[in-house]
Amino acid sequence: MTLEKIITPKVEITLFGKKYNCEMKIRNYAVLRERTGVREHELLKGLMDGDIKFIVYAIWASTLIFAKFDETEPIKVKKEIPMEKLFKLSLQELNVLGNQVAQAIQASLPEPSEKEKALAEKKLSVATKPKPQKKSMK
């Protein structure tokens, strides 16, 4: 597959009266790591676990607006939402935005192979299979 064939869906959110394109590209991850120390796998695991802090980090990082690219400052941010404002959202607002941002992050990840999909389905079926109940000795 060539880069030209990869189509990343556009995910847009409205936050504090402004529209933002949500995307997680290398620059977004780099700024997140530089500012918070959170690595890519930590962010993804935190999102899967529903950790509020990581949901806020994902919203913040995915809505960064970068300055014109400069090789000496490749991750220079032009505009950003103050993280404090995001931590003041209600749980309901955070849930709605978090789901939208999770879509944007998922869209930026490589498509799993058929083998990886089959393995994930197998793990899911084992995890959701009801466990036999033990008989009590009463």
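Helices α3 and α5 are oblique to each other, a term for angles that are not under 35 degrees (roughly parallel), over 145 (roughly antiparallel) or 65 to 115 (roughly perpendicular). The model is predicted: local features need pLDDT of at least 70, side-chain atom pairs count only at pLDDT 80 or more, and totals for chains, interfaces and linings use all residues. Residues are numbered from 1 along each chain as its sequence is written, and side-chain values use heavy atoms, without hydrogens and water.

**Helix packing**

- α3 and α5 (residues 91-108) pack at about 60 degrees, with axes 9 Å apart.
- Axes are lines fitted to C-alpha atoms, for helices over the stretch in contact, and angles run from 0 to 180 degrees between N-to-C directions.
- Helices (H or I, at least four residues) and strands (E, at least two) are DSSP runs, numbered from the N terminus.
- In α3, Ile 52, Ile 55, Val 56, Ala 58, Ile 59 and Ser 62 meet residues of α5, including Leu 91, Leu 94 and Gly 98; contact means heavy atoms within 4.5 Å.

**Thr 63**

- Thr 63 sits in the loop between α3 (52-62) and β3 (65-66).
- Thr 63 is buried, at 1% relative accessible area (buried is under 20%, exposed over 50%, partly exposed in between; 1.4 Å probe, protein chains only).
- Not counting residues up to four places away in sequence, Thr 63 touches Ile 13, Tyr 20, Asn 21, Cys 22 and Ile 81.

**Phe 16**

- Phe 16 lies in the loop between β1 (11-15) and β2 (18-22).
- Phe 16 is partly exposed, at 38% relative accessible area.
- Phe 16 has a positive phi of about 55 degrees, although it is not a glycine.
- Most residues other than glycine have a negative phi.
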